[in-house]
Amino acid sequence: MPDTIELELSVNSRRQALRVEPRETLGEVLRDRLSLTGTKISCDAQVCGACTVLVDGLAVSACTYLAADADGREVRTVEGLATDGQLSPLQQSFIDHAGFQCGFCTPGMLMAATALLEEDPDPTREAVIHGLEGNLCRCTGYAQIIDAVLAAAATGREGAQGDEKATAHEAAT
Amino acid sequence: MIPRFSLARPTTLSEAFESHLAAGGDAAYLAGGTELLQVMKMGFAQFGVLIDLKGIEELGGLEVAPDGRLRIGAATTHRTLERSALVRERLPALAALEARVANVRVRNTGTIGGNLAFAEPHSDPATFLLVCGATVELSGPNGRRELTIGEFVLGPLFTAREPDEIVVAIHVPATGPSSGRAYDKIAFFERPAASVGVAFTVADGAIREATVAVGSLTEVPTIVAAAGTAFEGSEAAEAALDGPSGAAADAFGALDVVADLNGSPDYKRHLAGVLLGRAARTALREALAHA
């Protein structure tokens, strides 16, 4: 019987109590135990960014982040971006700007960009490029993704001036 | 998958040492895990017990100590250093360097202590901290000691740290008056292909003291004494830097440069020469601004 540890964490605002092996990564727990397969494991070496999730608001590589380190913390995955069936402004912006083709990198791109915009709601193009340089896409060539993030930032700023939906979204996330 | 291990979560150094002793040597200390978990996953290392250091309060903290040095708790993440107002004010080159380490996810989890203890030859912080005259404070069951970066990093992935010792903090001497420090790198992959750190002190319109270190070229970050000497006595003006920068870069010719995926030794020397010119300008600007 291998060593196991008890975890209590919040995943997309839902409390989860789990018993896991210390060696299990957050990516394994999200995908295999909680069936949240939106988080993709690709390079498995913290280089590609496909597995990006947020832990207490910070982007991390779920492939190499121990589930044990998420104990007592708030985890957000791509499944948590939409609220009541309504895509987040960033998700909608990816659609509007054709910010994906095959879509495999998209959950990671969305989570990395979500963290970036929460930290800096009005980023320069350069700041978006710098913030996303650790997320690889092999289809789009990146320009559409950066456009999508910048447009979502602009939408978010308009929304912040009194749009109820944006307020509700912030409250939910 | 990562090979199976048990996890210890001490909250004090002595508990951590006890866990290490109890494991009979089959243990490793864990901080951000960006290096350790990776090598375990790849099958290069396996340990029965990982001892998580993140719950030990003494490994945190980031402040100017009474002795004037910047004390960086070993468990401080790259991201915290990047965003710290104190670091930006006291050691802007370190904040700028940290903002460019790997990618944002590694910066959010990886720690400065873990980075130095792993001793990757392409480490950004090690090269710059070497130029700064920084020291690494270690604590073990038999006491504490403080080593310079040169004494600490002994080879690629090899340090003077005993298996049961823990990196507690990094101490960086304050930048003196009329002094400046800079770091520049070029990276084609996640880690730098070549990097250069420069520290200058100016007086009476001339560069009086100069230290130059290279990273990613040699097996360990290396101070190139002849490169520093090439700047000493030169006029402290950006327009006058080209000559000494060229002479300093020539000193890289004597280094035993390692060929790797980034390029041949000569190519990496060339890259370091270009970076040296840039870092020298930045260091000089900072030194003149602090005059």
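Two residues are in contact when their C-beta atoms, placed from the backbone, lie within 7 Å. The views below show a predicted model, in which local features need pLDDT of at least 70, side-chain atom pairs count only at pLDDT 80 or more, and totals for chains, interfaces and linings use all residues. Residues are numbered from 1 along each chain as its sequence is written, while chains are lettered from A and ligands numbered from 1 in the order in which they are written.

**View 1. Here chain A meets chain B.** From chain A, 24 residues take part in the contact, and from chain B, 19 residues. On the side of chain A that touches chain B, strand β4 (residues 58-61) gives the most, with four residues; strands (E, at least two residues) and helices (H or I, at least four) are DSSP runs, numbered from the N terminus. That side of chain A has twelve nonpolar, seven polar and five charged residues. In this sorting, Ala, Val, Leu, Ile, Met, Phe, Trp, Tyr, Cys and Pro are nonpolar, Asp, Glu, Lys and Arg are charged, and the others, Gly among them, are polar.

View 2. A:V60 counts as buried because it has 28 C-beta neighbours inside 10 Å. The cut-offs, with C-beta atoms placed from the backbone, are 20 or more other C-beta atoms within 10 Å for buried, 12 or fewer for exposed, and partly exposed in between. Leaving aside neighbours within four places in sequence, A:V60 is in contact with A:V53, A:V55, A:Y65, B:R105, B:N108 and B:T109.

**View 3. Now look at domains 2 and 3 of chain B.** An automatic or database domain assignment supplies the bounds: domain 1 (6-51), domain 2 (58-172) and domain 3 (179-289). The centres of domain 2 and domain 3 of chain B, taken over C-alpha atoms, are separated by 21 Å. Their contact takes 18 residues from domain 2 of chain B and 20 residues from domain 3 of chain B. On the domain 2 side, α5 (92-98), α8 (124-132) and β8 (153-155) of chain B each supply at least two residues, and α8(B) gives the most, with seven residues.

**View 4. Finally, here is helix α11 (residues 242-250) of chain B.** Its buried residues include B:P244, B:S245, B:A248 and B:A249. These lie on the same side of α11(B), because they cover an arc of only 140 degrees around the axis, taken from the directions from the helix axis to the C-beta atoms. The buried residues of α11(B) pack against β13 (206-215), α10 (225-231) and α12 (265-289) of chain B.
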